[in-house]
Amino acid sequence: MNEKLKCLIIDDDPLIGDLLKHFCQKSDLVEYSILTSNATDALTLMASGDINLVFLDFNLPDMTGQQFLELKKNTIPVIMITSNAEFAIKSYDYDDIVDFLPKPLSYDRFLKAMTRLLTSENQTVNENTKLK
């Protein structure tokens, strides 16, 4: 992936949201990030915007992260943000989830998730090239 990431951060905790925005700004991999505190606004932004990565909190005021994933109508990759360890097991049911950022967040773990995303996208590109 040569283009920089355009991230949507969905988290109702302003401290977590601001920290993720800071991580995105600090990273050379991210062009910009947009922060929203609820899933309803996020679905609207995804439908009208140029987003290619979502950071998704599990506990949101209007729905759970799991409900958001059920409503999401695209294959944009998702990195989950949560302290809900139970959902980690269920997350394997969703092809769009590429990683999990456990709270409290750290920049090193953020970079690991980004590397995992880029590695999985390169693998997908290579597999699609072989099919042609």
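User: At the start of H1, which backbone nitrogen does a side-chain oxygen of Asp-13 reach?

Analyst: At the start of H1, a side-chain oxygen of Asp-13 comes to within 2.9 Å of the backbone nitrogen of Leu-15. A polar contact is a pair of N or O atoms within 3.5 Å; within protein, one must be able to donate a hydrogen and the other to accept it, and residues adjacent in sequence count only if both atoms are side-chain atoms. Helices (H or I, at least four residues) and strands (E, at least two) are DSSP runs, numbered from the N terminus. Please note that this is a predicted model, in which local features need pLDDT of at least 70 and side-chain atom pairs count only at pLDDT 80 or more, while totals for chains, interfaces and linings use all residues. Residues are numbered from 1 along each chain as its sequence is written, and side-chain values use heavy atoms, with hydrogens and water left out.

User: What span should the 13 residues of H1 have?

Analyst: The expected span is 1.5 Å times one less than the number of residues. For the 13 residues of H1 this gives 18 Å, and the end C-alpha atoms are 18 Å apart, which agrees.

User: Which residues of H1 are buried?

Analyst: An α-helix has 3.6 residues a turn, so residues three or four places apart point the same way. In H1, the buried residues (under 20% relative accessible area; exposed is over 50%, partly exposed in between, with a 1.4 Å probe and protein chains only) are Ile-16, Gly-17, Leu-20, Phe-23 and Cys-24. These residues cover an arc of only 120° around the axis (taken from the directions from the helix axis to the C-beta atoms), which puts them on the same side of H1. The face turned away from this buried side carries the exposed residues Pro-14, Leu-15 and Gln-25.

User: How many aromatic pairs does a search of the whole structure find?

Analyst: A pair of aromatic rings is described by the distance of the centres and the angle of the planes. The search finds 4 aromatic pairs. Rings of Phe, Tyr and Trp (its six-membered ring) pair if their centres lie within 6.5 Å; planes under 30 degrees apart count as stacked, over 60 as edge-to-face and the rest as tilted. The ring centres of Phe-23 and Phe-110 are 5.4 Å apart and the planes meet at 50°, so this pair is tilted. Phe-23 belongs to helix H1 (residues 14-26) and Phe-110 to helix H5 (residues 107-131), so the pair ties together parts 87 residues apart in sequence. Phe-23 and Phe-110 are both buried. Tyr-107 and Phe-110 form a stacked pair, 5.7 Å centre to centre with 20° between the planes. Both lie in H5, 3 residues apart, about one turn of the helix. Ring pairs join Phe-23, Phe-55, Tyr-107 and Phe-110 into a cluster.

User: Over the ring of which residue does the charged end of Lys-26 sit?

Analyst: The charged end of Lys-26 sits over the ring of Tyr-107, 4.2 Å from its centre. The criterion is NZ of Lys or CZ of Arg within 6 Å of the ring centre and within 35 degrees of the ring normal.

User: In which sense do strand E3 and E4 pair?

Analyst: Strand E3 (residues 53-57) and E4 pair in the parallel sense over 4 bridges; pairing requires that DSSP finds at least two bridges between the strands. Phe-55 has Ile-79 in E4 as its bridge partner. In E4 (residues 78-82), 5 of the 5 residues are buried, so this strand is largely enclosed by the rest of the structure. Val-78, Met-80 and Thr-82 lie on one side of E4, with Ile-79 and Ile-81 on the other.
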